[in-house]
Each structure stands twice: as structure tokens, then as C-alpha cells.
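Please have the sequence and the coordinates at hand while reading.

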Amino acid sequence: MRNRTLSEKPLLLLLAAVQFTHIMDFMILMPLGPQLVRDLGIGPGRFSAIVAAYAVSSGVVGLLTAPFIDRFDRRTALLVVYAGFTFGTLACGLAQDANTLMMGRMISGGFGGVATALVLSIVGDVVPAQRRASAMGIIMTAFSVASALGVPTGLYLAYTFEWEAPFLMLAGLATVMWLVAFLGLPSIGGHLEADPKKRAASFVALLKDANAGKALLFYAALVFGHFIIIPLMAQYFVSNMGLPEDRVFLVYLIGGVLTVFTAPRIGRLADRFGRVRVLTVLVAVASTVTLAISNGGPMPMWLILLIAAFFFVFASGRFVPGQAIMTLAVPPARRGAFMSLSGCARDVASGASSTVGGLIVTADASGRLVGYHWLGWLAVGVSLVALTLSRLVRETDQGISSKVG
């Protein structure tokens with residue numbers, strides 16, 4: 001395995017495929033909200049807690065592994081945590097009630113979050129700075145494909161069989177992808193060439209790095225501003241805006257198909273015109289769309305789908321230049337640990353946003369969500385904070401930093 005090589009684009013596609021299973025696992029629970037609330041007999045607060053459990057577990061595990069993640073070959077580490085993620089997804093599919101589902105989500109979240117950190121670390125290791133945003137655009141297509149194909153397929157299985165079916169399907173798919181990664185992923189260990197004592201000192205230096213701290217705050221704010229309206233969005237579309245429950249899959253299908261094309265283009269634009277400049281445009285448009293959704297009432301299905309499509313393209317697109325900014329914020333020797341910490345920031349922010357959303361939003365006697373508009377205003381305010389912080393993050397990595405072999 002140590003001598004296997006893989007060119008940049010096939011490697012990125014392989015990583016995107018691995019990321020696809022994690023993103024689908026992360027996403028599939030939220031559009032199942034109306035069905036889970038009904039079948040498990042839970043309210044919006046309990047459902048938000050189950051969503052938050054995934055993120056909180058991911059954040060805690062990421063924090064615990066951050067000091068050690070740069071001590072291992074990226075390939076070995078990814079295969080180990082991806083196996084744990086697959087087991088956790090299977091546990092979700094075998095869950096029988098809200099409590100066991102929450103336990104399964106904590107397992108898959110804990111391992112899945114570290115897997116994402118490793119995927120992003122590998123991208124940072126093998127792709128030069130001048131192409132980093134474009135590479136992130138390819139990785140972000142995992143989100144697009146998960147939205148366009150994975151989530152609609154999962155919803156179809158849930159409505160045809162039971163809500164457990166999407167998790168069982170995903171566990172099988174993750175098993176196949178683990179085998180593909182085992183056979184195709186090369187050893188990535190250039191970061192191990194540093195002296196072990198220097199690597200330990202590097203983590204301590206990372207904790208003292210003010211630039212890294214600014215980057216983590218930026219990413220946490222970006223995630224919070226995006227995620228606070230997400231967990232209850234499908235339920236809001238159905239209960240408040242009048243989207244038929246059996247048409248929720250169209251939101252993800254249309255949005256996902258569009259972002260397959262737009263995410264790589266956003267990456268190229270960010271490399272050409274500047275990451276912060278492109279992020280500014282995306283935040284401005286995404287904020288407008290967020291307010292249109294969170295303050296929207298009953299409307300024709302075509303208009304709901306149009307607004308949702310704009311949300312997918314511009315709100316999700318913010319993470320293409322955002323992730324590129326993150327991978328450039330630290331030198332190579334600290335990247336794995338930093339991406340683990342960024343995963344913690346992401347998960348704490350998304351878990352906190354789910355919790356806040358569950359505390360603010362309630363359901364009235366007719367099932368309509370009350371207070372959802374406040375989440376939209378919070379999303380816009382925190383997104384503007386993230387944009388301000390992005391201008392304070394300094395780029396410290398300007399080239400290829402690790403060997404693949």
C-alpha cells in the first residue's frame with residue numbers, strides 16, 4: 001500500500017464518494033422529520049435533540065482525537081473511523097425508538113465527524129493553494145449528489161417501507177465504499193516526516209495560534225448561520241408553506257442537481273476572484289433567501305421549490321470558499337489536528353443551533369410551526385458575523401505540503 005499512487009482528480013473523486021455517505025447520513029434524518037415526529041410520537045424539541053446528538057457527539061470525539069490525528073497515516077486513520085461510522089449507521093437502521101435512534105446517531109456522528117476532518121486534511125495535503133477552492137468544489141459535489149440522489153432515494157424507501165430503511169441502505173453502501181477506499185486509497189504520510197516531539201509541540205502551538213482561533217470562530221459562525229434553519233425546514237415547508245409531504249424529496253432533488261454544477265464553478269470563481277470576495281456575494285444572496293423561507297406562508301409548490309433551489313445553491317455554496325479559507329489557515333504539520341478542531345467547531349455550532357431552534361420553535365394545535373421566523377433573523381445576523389471574521393483570517397499555506405505514495 002505504501003507504494004500505490006493515485007493522481008489528484010481520481011483521489012478527489014474517491015474522497016468525494018466517501019464524503020457522500022457521511023453527508024447523506026447527516027442529511028437524511030432532517031427531511032424524515034414529519035414522519036419521525038408522527039411515528040415515534042415526539043415533538044419538535046425532541047426531534048431537534050436527536051439531530052443535535054449527532055453533532056455534539058462528532059464535536060466531542062473530534063476534540064478528543066485532535067491531539068493524536070496527525071500521528072497516523074491519513075489512509076489508516078480514515079479506514080478505521082469510516083468503519084466506526086458504518087457501524088453507527090447500521091445501529092440507526094436497527095433502532096426501535098427515539099432513545100436507541102439517538103444512540104445510533106451519536107455513534108455515527110462521532111466517527112463520521114473525524115472522517116470528514118481526515119478527508120479535508122487529505123485535500124489540504126495533496127492540492128496546492130492555488131487550486132484548493134476548486135478541489136473543495138469537487139468534494140462539495142458529495143453534498144450535491146447526496147441531495148439529488150441520496151435523500152430522495154432515502155425518502156422513497158422510508159415512505160415505501162419504514163423510516164429505518166434509508167439507514168440500512170446507507171450502511172450497505174458505506175460497507176462497499178469502505179472496500180473501495182481500502183483498495184484504492186493511497187498512503188498519505190508526508191506530514192509524518194516531522195520529528196514526533198515537533199509534532200507534539202506543533203499541537204501546543206496550534207492551540208496558541210491566534211490565526212487558527214479566528215478561523216475556528218469564523219467557521220463556527222458560518223455553520224451556525226447556515227444550520228439553524230435546516231433541521232426544521234422540511235417540516236416548515238410541509239406544515240406552514242403547504243408543500244405536500246410526499247413532495248419533500250423534490251426540494252433535495254432539484255437543489256442537489258443544481259449544486260452538482262454550481263459548487264465546482266463557485267470554487268473556480270473563488271480561486272480566480274478571491275475567496276472572501278466570493279463568500280461576500282454568497283452570504284448576501286443566501287441571507288435574502290433565508291428570510292424569504294423563514295417568513296414565508298402558504299404558496300404554490302413551484303415557488304417553494306424555486307426558493308429552496310436558491311437556498312441550496314447560495315447558502316450551501318458558502319462552504320466552498322469557506323472550507324478553502326480553513327485549509328489555508330495553518331501550516332501542513334498542524335492541518336490534521338486543525339481540521340479536527342474545525343470539525344469540533346462545526347459540530348458544536350450545528351448542535352447548538354439545533355438546540356436553539358428546538359427551544360424557540362413550537363407547534364400549535366394544527367401542527368404549524370410557531371417562531372420559525374426568529375431562526376431566519378438569527379441565521380442572517382450570525383452569517384454577517386462570519387463574513388466579518390473571514391476577513392481577519394490570514395492565509396499561511398501557499399503550496400503542496402505532503403506526499404502521496
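## Exercise 1: helix 1 against helix 4

In this predicted model, helix 1 and helix 4 cross with a left-handed sense.

Task: describe how the axes of helix 1 and helix 4 are arranged, and state which residues make the contact.

Solution. Begin with the axes: those of helix 1 (residues 8-28) and helix 4 come within 11 Å and cross at roughly 30 degrees. Because angles under 35 degrees count as roughly parallel, helix 1 is roughly parallel to helix 4.

## Exercise 2: helix 4 against helix 5

Task: determine whether helix 4 is roughly parallel or roughly antiparallel to helix 5, and give the class make-up of their contact.

Solution. Helix 4 (residues 74-93) packs on helix 5 (residues 98-126) at an angle of about 155 degrees, and their axes are 7 Å apart. Since angles over 145 degrees count as roughly antiparallel, helix 4 is roughly antiparallel to helix 5. The handedness comes next: helix 4 passes helix 5 in a left-handed crossing. By class, the contact between helix 4 and helix 5 holds 15 nonpolar, 7 polar and 3 charged residues.

## Exercise 3: helix 12 against helix 13

Task: characterise the packing of helix 12 and helix 13 by angle, axis distance and handedness, and then name the residues that meet.

Solution. The angle between helix 12 (residues 275-294) and helix 13 (residues 301-317) is about 145 degrees, with the axes 8 Å apart, and the crossing is left-handed. On the helix 12 side the residues are L282, V285, A286, V289, T290, A292 and I293, and these meet I307, F310, F311, F314, A315 and G317 of helix 13. Sorted by class, the contact of helix 12 with helix 13 has 11 nonpolar and 2 polar residues, and no charged ones.

## Exercise 4: the largest pocket

Task: state the volume of the largest pocket, and find which element gives the largest share of its lining.

Solution. The largest pocket holds about 220 Å³ of space. Its lining consists of V61, T65, F68, I69, F72, T76, A77, V80, V81, F111 and V114. Assigning these to elements, helix 3 (44-65), helix 4 and helix 5 are those that give two or more residues, and the largest share, 4 residues, comes from helix 4. By class, the lining divides into 9 nonpolar and 2 polar residues, with no charged residue.

Conventions:
Residues numbered from 1 in each chain as written. Predicted model: local features only at pLDDT ≥ 70, side-chain atom pairs only at ≥ 80, totals over all residues. Heavy atoms only, no water. Axes fitted to C-alpha atoms, helices over the stretch in contact; angles between N-to-C directions. Parallel < 35°, antiparallel > 145°, perpendicular 65-115°, else oblique. Left-handed = near helix turned anticlockwise from the far one by under 90°. Nonpolar A, V, L, I, M, F, W, Y, C, P; charged D, E, K, R; others polar. 1 Å grid on protein atoms, 1.4 Å probe; cavity = no way out; pocket = protein on both sides within 12 Å on 5 of 7 lines; lining within 4 Å. Points joined across faces, edges and corners; volume = space filled by probe spheres on them. Contact = heavy atoms within 4.5 Å.
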